[in-house]
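Hello,

Here is the structure I promised to pass on. Please open it alongside this email and follow the notes below.

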Amino acid sequence: MTRSTAPHWRRPPQARDGRFANWARTETSSPGRWVLPTTEDDVVAVVRQARQQGRRVRCVGAGHSFNAIAAPADIAVSLDSLRGIVAYDDSTVTVLAGTRLRDLCAALAVRGLALPILGSIADQSVAGAIATGTHGSSLAHRNLSGLVTGMRLVVGTGAVRDVGEDDEFLDAARVHLGALGIVTRVRLRVVPAFSLRERIEWMPVGEVAEALPEIGAGAEFTKVWWMPHTPKALVFRCERVPTPRTALPVVIDRFVDETIFHRAVLPGVFAAQRWRSGWVPTWNRVAGRTLRKASRVGASPVIFSTPMPVRHTETEASVPLASGGAAWDAAVRVIDEAAVHVNFITELRFVKGDNGWLSPAYGGDVVQLGAYTAVLGHRDRYFDGFWAHMRELGGRPHWGKELHHTADELRPLYPRFDDFVAARHEYDPDRIFANPFLDRVLGT
């Protein structure tokens, strides 16, 4: 590995034998150099040197995206050493960009605070989570990028750009794809810490589409899971309740789910299913009965997030709320159409509309419909069939999931697409932060 004169150039934990691999191990790359800056000045030095040398720089977070958005082709920058809370008050917290969501939630809890909403996975970095429009499930709350009230980033010229709440550029940078600069710190909206009671209702799969308006409006936080090849879906509803004296029961449940089920049981089951996919429907019927208890109470970060699952692949479409029922029925139907055995849930979540230029929820409330599988042999057939339906409904892809869209396809889906590209021209004129993924989805 070539050494540089820039400060703090050494290999971070994500680099395995110098290579980058995402969490699902579906995307890899071989950057020429890994960089682990410890200060914002280090980041500036990296960008300026890369610009002088005509190199490309890609920032790597937790690597949880299922596509190649974070895959570095030249210089890989990890912000793992830029972590922690910089400042906070009763309504906002400023954090360094490499901070993991789980660590931020723990630090906020000590201060009696919480994020208003979270996605399912808390291992992501803050900057990476907002970069791809990571979201929870609520028609009362926007995605995580909607919590951003300010940020600081090092743009392609090496200049440091502070973006405030009144700056129009903030709506460009909310879902930034890593295309506008390297984010070094983010200011997020917070609320007093709260607990949630999660209740689960079983509903026939064929009735979900018609019930979606009621489901979405029925609680502050709602979502739908369906285990393919089974007759019923699970409807989750979460409402705020007083904090219980002890959270031990939900902590024990999480330990069992994550340590025993997802790490010990499922890897072996899924390995067998890749060999004999015909076993999937029977397994799904058994596993579907054990997904969740009827009710549980816990601190919001615990209820929002799920255990780190066994490795699998995901694709996801954002569809206008009014088309949510049609999208759900299509997602159920495509499994038979594609003749596949799917061993992971289909998930429907609700997201409040926002103003982020490249946010999948730009301009109005949406449902985010995810198709997941751990049987890689049929992944392409399954996902292609899923997207054949979602494209007909005007579906926008989740930036952190599998997608094969091009800039020509994406431009009509995002009214501010060309404005984002213009901002990219201004703040990264030499395409310092480009990689093959961005070349495809934004154009060269």
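Helices H5 and H9 cross in a right-handed way. Keep in mind that this is a predicted model.

Start with that helix pair. Two packed helices are described by the angle between their axes and the distance between the axes. Here, H5 covers residues 205-217 and H9 covers residues 324-337. They pack at an angle of about 165°, and their axes are 7 Å apart. Angles over 145 degrees count as roughly antiparallel, so H5 is roughly antiparallel to H9.

Which residues make the contact? From H5 come Val205, Val208, Ala209 and Leu212. From H9 come Gly324, Gly325, Trp328, Asp329 and Val332. By type, the residues of this contact split into 6 nonpolar, 2 polar and 1 charged.

Now turn to the sheet. It is open and has 3 strands, in the order S3-S5-S4. The pairing is parallel. Which strands stand at the edges? They are S3 (33-35) and S4 (57-60). Each has a single partner strand, so one side of each is left without a neighbour in the sheet. On average, neighbouring strands are turned by 25° against each other, direction ignored.

Look at one pair in detail. S4 and S5 (residues 75-78) pair in the parallel sense over 4 bridges. Find Val57, then look for Ile75 in S5: the two stand opposite each other.

One more helix belongs in this picture. H1 (residues 40-53) lies across S3, S4 and S5. Its direction is at about 155° to S3.

Best wishes

How values were computed. Residues numbered from 1 in each chain as written. Predicted model: local features only at pLDDT ≥ 70, side-chain atom pairs only at ≥ 80, totals over all residues. Heavy atoms only, no water. Axes fitted to C-alpha atoms, helices over the stretch in contact; angles between N-to-C directions. Parallel < 35°, antiparallel > 145°, perpendicular 65-115°, else oblique. Left-handed = near helix turned anticlockwise from the far one by under 90°. Contact = heavy atoms within 4.5 Å. Nonpolar A, V, L, I, M, F, W, Y, C, P; charged D, E, K, R; others polar. Pairing = 2+ DSSP bridges.
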